[in-house]
Amino acid sequence: MITKITGGRIIDPANGRDEIGDLWIEDGVIVDSSQIQNPKSEIDEIDAQGLVVAPGLIDLHVHFREPGQSHKETIGTGSEAAARGGFTSVVCMPNTNPPADNPATIRWIHERAAQIAKVNVFCTGGITKGLKGEELAPIGSMKNAGIVAITDDGHCVQNNEVMRRALEYARMFDLPLLDHCQDYGLVGNGIMHEGEWSVRLGLPGWPRTGEEMIVARNILLSELCDAPIHCQHMSSGGSVRLLREARARGVKISAEVCPHHIALTDEALKGYDANFKMNPPLRTAADINLLIEGIADGTIDILASDHAPHAAYEKEVELDQAPFGILGLETEFAIFCDVLVHQRAAIDLPRLIALLTINPARLLRLDRGTLSTGAPADVTLLDPAREWTYDVTQTPSPSRNSPFHGATFRGRAVRTIVAGKTVWSL
Amino acid sequence: MTNAPAAWTRKDLIALDALNAAEITLLLDTAKAFKGVGERSLKKVPALRGKTLVNFFVEPSTRTRTSFELAAMRLSADVVNIAATASSLQKGETLKDTARNLEALLADIIVLRHSSAGAAQFLAERLGASVINAGDGSHEHPTQGLLDVFTMRERFGRIAGLKVAIVGDILFSRVARSNVHALVKLGADVTLVGPTTLVPRSLEALGVRVTHRIDDVLETTDVINLLRIQHERQRKEYFPSLGEYTALFGLTKARAARLQPTCLVMHPGPINRGVEIDSDIADGPHSVILEQVTNGLAVRMAVLYLCAGGGAA
């Protein structure tokens, strides 16, 4: 089985490649045209003229809600949304029900994914049992079951001693630690950015310091243990400043940014619409500028969605009682491309692709994110100039909690190929 | 802000922040007309005859609920009261479903008191019935703001240029927010007073001054509005004790002696005698606390009439 993707602009940041050309796939693997094994096979041609041929996009932060909350999302529907967004690999967070804090649950997720997932589904395991921040989860056994990182996402280990020992222990397995940065004391029952709008709306504030405090803590512990920590969904400009200083000193700290945190501000909460409520919260235009600066100068080197489905009836309640989180996979590439490449010209397209492919692959040691010869043929065709409007009523997800319904973007994935097979095309 | 001739076009009253000066003035003028009705021996008018008002109180209140109930009765509406403990919210029904059930019973007006900011707006966007906000979390309490401003305007004949001090737990106070919005829109000069933890500088974004010394305002203010101060579990890190609060911010006799003779002392109630206000001062010549309660009735009649009674007087 041979596939030839012809005439596209091939961008493969891992190899510094950016040229018009043809990409060859044989039996689910990227091949060199001169080394085809069975040259007599039928050739399936895909015309990519005018399109970008990129490594399949990777999102290292999604919630597919299985086991336990399949009314919000399943591994099937979530992976369909991923495919529509151009993502060939996703990394699931462990805050399921029961939590993915043990090897049996990890194996169950892998089996379920093998049956129904459209894209590659990787698992993270909990740092602590029950994601409670108290006792270490069986990290070594989960590593044997195939996890790619540990995290208590949705929760944050508050006890610094527990965090330190988790880091030291995980180093033995080369497992990076992903941290949701939230100081529980400072944040309290905060539900939106603490600032003028929280004062006006009478809503409890979630101050920037609640995030920055833990970013600073993580920098110190990463240095102490000489172990990597990846800070999830940065929302505060102050976090970028801390990260920049630490990375310049060689600390093994990295961070990701989500689309909503560079596309929307806290003012969006003025209608008390829970589709604008997520954790950490939307902040200010000044934070957006600092986050984008951090993306431009390399302080932030990974982008992710924090795709977090919730059923409509769960979201359509009083704002303080609604769960945090929004859908993200289908609009993710579009928002990053529109804001970072078109509107702000903060980074170019090859850099954007690196942040969504090889960089997360390197952090998690995935054999993905590149178009190198011999790599799995996960490929995304992108049309960075294409204008389109998002209609959340058409999402495969059973949830509808997107703040971007009706929004128009420039940039879209048009075909998603996993191991040589097209799993979605426009 | 606009001073265009007022026309009332809203079915709901959610927040004074959303109104312009002309709309607020129309509400106050309408309340003035209704105040006369309360002074007659026959206190009833037929404006809302045949309409049904549901007092839907998801948070306890006696004063506000009774005031709305009397206001509705004086307008000849039928009134049903639903308290949180009796409501099905405790059985897991959502606010939306409960309200849609009330509407299915053909309620015309829903007066909502709720502990969540935004709850009244949430209902107003989803129901055809008029929704009147009787206090939503720390957001707004528009009829309280209106009755406070009504009381000031009745005494001074104007709002523009008045110096108004609001003292207390501003950060968590819906009464303070509604007062501030109405007063600022009508041109008053507002100062918020209280400890740095409860009166943060960020409040200046609302167009007011902030001070942490009550002495700064005593001799110059035309109105001093004291909010009920509470020292519940969630406030322990905001100030150490009621005693220290009284020492720093309470309207004691000594402080009251420095007020201008014409200064009004206001309080939305219920008052903590001896905490935010000295007991004698609460009953003394500066105090208009009971007048506020009486005016609340007229203001709520005006709100119900304009939102549900088919247009301006």
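A salt bridge is a side-chain nitrogen of Lys or Arg within 4 Å of a carboxyl oxygen of Asp or Glu. By that rule, the side chains of B:R174 and B:E59 form a salt bridge, with 3.0 Å from N to O. The structure is a predicted model, in which local features need pLDDT of at least 70 and side-chain atom pairs count only at pLDDT 80 or more, whereas totals for chains, interfaces and linings use all residues. Residues are numbered from 1 along each chain as its sequence is written, chains are lettered from A and ligands numbered from 1 in the order in which they are written, and side-chain values use heavy atoms, with hydrogens and water left out.

**Domains of chain B**

- Chain B is assigned domain 1 (16-140 + 296-308) and domain 2 (142-292); such bounds come from an automatic or database domain assignment.
- Taken over C-alpha atoms, the centres of domain 1 of chain B and domain 2 of chain B are 25 Å apart.
- In contact (heavy atoms within 4.5 Å) are 29 residues of domain 1 of chain B and 24 residues of domain 2 of chain B.
- The two domains of chain B bury about 2200 Å² between them, with 62% of it on carbon and sulfur atoms; buried area is the accessible area (1.4 Å probe) that two parts lose on being put together, summed over both.

**Polar and charged pairs between the domains**

- Three salt bridges are found across the interface of domain 1 of chain B and domain 2 of chain B.
- The same interface of domain 1 of chain B and domain 2 of chain B holds 11 residue pairs in polar contact, both residues at pLDDT 80 or more.
- A polar contact is a pair of N or O atoms within 3.5 Å; within protein, one must be able to donate a hydrogen and the other to accept it, and residues adjacent in sequence count only if both atoms are side-chain atoms.

- At least two residues each come from α1 (21-39), α2 (63-74), β3 (109-114), β4 (130-136) and α11 (289-308) of chain B; helices (H or I, at least four residues) and strands (E, at least two) are DSSP runs, numbered from the N terminus.
- The most is given by α1(B), with nine residues.
- By class, this side of domain 1 of chain B has 11 nonpolar, eight polar and 10 charged residues. Ala, Val, Leu, Ile, Met, Phe, Trp, Tyr, Cys and Pro count as nonpolar, Asp, Glu, Lys and Arg as charged, and the others, Gly among them, as polar.
- Helix α1 of chain B includes B:K35, which is buried at a relative accessible area of 17%; buried means under 20%, exposed over 50% and partly exposed in between (1.4 Å probe, protein chains only).
- Leaving out residues up to four places away in sequence, B:K35 touches B:F150, B:E154, B:N295 and B:A298.

**Interface of chain A and chain B**

- The contact involves 14 residues from chain A and 22 residues from chain B.
- Chain A and chain B bury about 1500 Å² between them, 53% of it on carbon and sulfur atoms.
- Of the area that chain A buries against chain B, A:V199, A:R200 and A:E316 supply 42%, more than any other three residues.
- Three salt bridges cross the interface of chain A and chain B, and the side chains of B:D17 and A:R200 meet in a salt bridge at 3.3 Å, N to O.
- Between chain A and chain B there are eight residue pairs in polar contact, both at pLDDT 80 or more.

**A:N275 in chain A**

- A:N275 lies in the loop between α9 (259-263) and α10 (285-297) of chain A and counts as buried at 18% relative accessibility.
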